[in-house]
Amino acid sequence: MSENKTGKYLKYALGEIILVVIGILIALQINNWNENQKLKKEEIKLLHALEKEIESNLSSLDTTIKDNDDILKISSRLLNESLLNPKYNSNPAEIIQSLGYNTNKYETSIINEIFGTNSRALISNDETIARLRTLKQAYDRSDDTQLYVDEFWNNKVMEYFTKSGLGIYIGTVKIDKNYKTDFPLNNEFYSLLGIMNGCQFSLNLSRKDLKEELSNTLTFLKKNLNSL
């Protein structure tokens, strides 16, 4: 009689343990599901922020590329005119602009956050990470190109402006194709102009490459965000 009671008690206790274990497992599954849902929401929020950053950068890049193309046309024209007329004189503002360039104006805080912090762990898709890594490399190439141009301009072009007296015209006069001065465009100027013409071309090349990567990434994100 006592053994039967003990057996029933053990079965009851075992049943209680099994129920507790099942309850714990269910609670863990629910907790994991809630945590995964939370992470997915954070991932979607992060990718939507990146999407907006890309759209804004595409707009600003269009303006930067167009403005730099205008500068490139001026520097190319002055180079061509120097071959026809070595003593050609020009508007000081035109000379200054021909040796100039437009700086990058895009925002990279979100893409930098993804690769600079643990935010990358939020992104669950390996293909998305690969796509963003390609985009980050395009940003880096564009930044490296501008860094080279910045250093050359600060070290060489600004020195020329100061030495020639053209520095006083920076930001004070507008381009007027009909206005000429007696300022001589010497060999030093044309040497700098040739280098800056190449720099302007390289800047736009890297920016057009970046623009293509931004467009490809934006298309990719819009397609994949719908499936999250």
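The protein chain folds into five helices and zero strands, where helices (H or I, at least four residues) and strands (E, at least two) are DSSP runs numbered from the N terminus. Read from that end, the order of elements is α-α-α-α-α. This is a predicted model, in which local features need pLDDT of at least 70 and side-chain atom pairs count only at pLDDT 80 or more, while totals for chains, interfaces and linings use all residues. Residues are numbered from 1 along each chain as its sequence is written, and side-chain values use heavy atoms, with hydrogens and water left out.

Let us start with the chain as a whole. Of its 228 residues, 36% are buried, meaning under 20% relative accessible area, whereas exposed means over 50% and partly exposed lies in between (1.4 Å probe, protein chains only).

Our next stop is helix 1, residues 2-84, which holds Asn57. Asn57 counts as buried because its relative accessibility is 1%. Leaving aside residues up to four places away in sequence, Asn57 touches Tyr106, Glu107, Tyr139 and Leu214.

Two of those partners, Tyr106 and Tyr139, turn up again around Leu210, whose contacts beyond four places in sequence are Leu61, Tyr106, Leu135, Ala138, Tyr139 and Ser142. Leu210 belongs to helix 5, residues 187-225. With a relative accessibility of 0%, Leu210 is also buried. Leu210 and Leu58 give a sense of how the sequence comes back on itself: 152 residues separate them along the chain, yet their C-alpha atoms are 9.1 Å apart.

Now look at Ser98, in helix 2, which spans residues 92-98. Is Ser98 buried or exposed? Its relative accessibility is 0%, so Ser98 counts as buried. A polar atom of the Ser98 side chain lies 2.6 Å from the backbone oxygen of Ile95. For reference, a polar contact is a pair of N or O atoms within 3.5 Å; within protein, one must be able to donate a hydrogen and the other to accept it, and residues adjacent in sequence count only if both atoms are side-chain atoms. Not counting residues up to four places away, Ser98 touches Ile74, Ser75, Leu78, Phe189, Leu193, Met196 and Gln200.

Met196 leads on to Phe152, which touches Val157, Leu192, Ile195 and Met196 once residues up to four places away are set aside. Phe152 sits in helix 4 and is buried, with a relative accessible area of 13%. Between Phe152 and Met196 there are 44 residues of sequence separation and 8.8 Å from C-alpha to C-alpha.

Finally, see how helix 3 (residues 109-116) meets helix 4 (residues 126-164): their axes come within 11 Å and cross at roughly 120°. Axes here are lines fitted to C-alpha atoms, for helices over the stretch in contact, and angles run from 0 to 180 degrees between N-to-C directions. The two helices are therefore oblique to each other; angles under 35 degrees count as roughly parallel, over 145 as roughly antiparallel, 65 to 115 as roughly perpendicular and the rest as oblique. On the helix 3 side, Ile111, Asn112, Ile114 and Phe115 take part, and they meet Ile129, Leu132, Arg133, Leu135, Lys136 and Tyr139 of helix 4.

Terms used: Contact = heavy atoms within 4.5 Å.
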